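This report covers the pocket, the cavity, the nonpolar core, the salt bridges and some backbone features of one structure. The sequence and model come first.

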Amino acid sequence: MTLQLSEKAKELIPKARIVSLSAWENSHSPAEIQLFQAADDAGRYLTDEDLQQLHSSEPKSVSNAKFLRDSAADIVSEAREQVLAEYPNIAQPGGDLYPPARAEACWRDFWHFLRCITYGIAGNTPEFTSDEGLHYMNLLYQELGVPLPAMVLGLEGIKAASLKRCDSGDREKLAPYFDRLIEKLSQFS
């Protein structure tokens with residue numbers, strides 16, 4: 001089963017982009033920015049080859065981004081389970097994430113949230129979000145009736161699941177990347 005999207009939702013989807021690379025010109029080469037842009041355009045995590053070409057980034061940041069990328073399935077699964085535990089009927093008939101295609105779209109957003117956070121981490125840039133893109137995401141979520149408390153809880157779950165897998169010394173440094181997106185999503189109406 002697929003979701004039937006309104007014309008408005010179809011117009012908003014390409015505009016609802018979380019990442020902005022506009023402020024990265026002072027810290028990254030044009031080639032590096034293009035690596036991030038190509039990955040974001042394709043909706044994919046940075047590859048090992050991409051990560052090896054990030055000479056402006058700290059090696060530990062690159063390795064943390066790679067580790068989180070490689071752990072994405074487990075991290076997203078853990079966040080999903082947290083949402084389902086808190087909202088046990090959310091994916092059931094009558095719930096905000098029913099039918100199943102709607103729930104799958106939500107879990108896919110969790111995957112994309114983590115992907116975007118890894119870009120910020122790999123680029124050593126906690127200010128990785130696009131205010132314009134997040135504005136359109138807010139409009140899209142309103143149009144689709146996305147349950148915002150569940151999405152924020154899921155993003156907090158992504159943070160917790162990610163940080164518990166990282167070295168204790170890295171947790172404090174990595175937390176702001178997650179907090180940035182949690183803060184922005186918490187402001188959605």
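## Largest pocket

H6 supplies the largest share of the lining of the largest pocket, nine residues; helices here are DSSP runs (H or I, at least four residues), as strands are (E, at least two), numbered from the N terminus. The model is predicted, so local features need pLDDT of at least 70 and side-chain atom pairs count only at pLDDT 80 or more, while totals for chains, interfaces and linings use all residues. Residues are numbered from 1 along each chain as its sequence is written, and side-chain values use heavy atoms, with hydrogens and water left out.

About 670 Å³ of space lies in the largest pocket. Its lining counts 29 residues, and Ile13, Asp109, His112, Met137 and Leu140 are the closest to the pocket centre. H2, H6 and H7 are the elements that give two or more residues to the lining of the largest pocket. By class this lining has 19 nonpolar, three polar and seven charged residues. The classes count Ala, Val, Leu, Ile, Met, Phe, Trp, Tyr, Cys and Pro as nonpolar, Asp, Glu, Lys and Arg as charged, and the others, Gly among them, as polar.

The search runs on a 1 Å grid over the protein atoms alone: a pocket is an open set of points with protein on both sides within 12 Å along at least five of seven lines, a cavity is a set of points where a 1.4 Å probe fits but cannot get out, and lining residues have an atom within 4 Å of a point. Grid points are joined across faces, edges and corners, and a volume is the space filled by probe spheres set on the points.

## Cavity

A search of the whole structure finds one cavity of 30 Å³ or more. About 30 Å³ of space lies in the largest cavity. The residues lining the largest cavity are Tyr45, Leu46, Leu51, Ala65, Lys66, Arg69 and Thr118. H4 contributes the largest share of this lining, three residues. By class, the cavity lining divides into four nonpolar, one polar and two charged residues.

## Nonpolar core

The largest nonpolar core has 60 residues, of which Phe110, Phe113, Met137, Tyr141, Ile158, Phe178 and Leu185 touch the most other members. Two or more residues of this core come from each of helices H1 (7-12), H2 (30-42), H4 (59-70), H5 (72-86), H6 (100-122), H7 (131-144), H8 (148-163) and H9 (168-186). H6 gives the most to this core, with 11 residues. Such a core is a set of buried Ala, Val, Leu, Ile, Met, Phe, Trp, Tyr and Cys residues joined through side-chain atoms within 4.5 Å. Buried means under 20% relative accessible area, exposed over 50%, and partly exposed in between (1.4 Å probe, protein chains only).

Which residues does Phe113 touch, not counting residues up to four places away in sequence? Phe113 touches Ile18, Met137, Tyr141, Met151, Leu155, Ile158, Leu181 and Leu185, where contact means heavy atoms within 4.5 Å.

## Salt bridges

The structure holds 18 salt bridges, each a side-chain nitrogen of Lys or Arg within 4 Å of a carboxyl oxygen of Asp or Glu. One of them joins the side chains of Glu58 and Lys173 at 2.4 Å, N to O. Glu58 lies in the loop between helix H3 (48-52) and H4 and Lys173 in helix H9, so this pair ties together parts that are 115 residues apart in sequence. Glu58 is partly exposed at 39% relative accessibility, and Lys173 is partly exposed at 39%.

Lys66 forms a salt bridge with Asp70, with 3.1 Å between the closest N and O atoms. Lys66 and Asp70 are four residues apart in helix H4, so about one helical turn separates them. Lys66 is partly exposed at 32%, and Asp70 is partly exposed at 49%. A salt bridge also links the side chains of Arg69 and Asp70 (2.8 Å, N to O); Arg69 is buried at 17% relative accessibility.

## Backbone features

A cis peptide bond joins Tyr98 and Pro99, with omega about 10 degrees. Pro99 is in the loop between H5 and H6. Asn124 is not a glycine but has a positive phi of about 55 degrees. Asn124 is found in the loop between H6 and H7 and is partly exposed at 23% relative accessibility.

Pro59 is in helix H4 and is exposed, with a relative accessible area of 69%. Pro59 and Ala122 are 63 residues apart in sequence and 8.7 Å apart in space, C-alpha to C-alpha.
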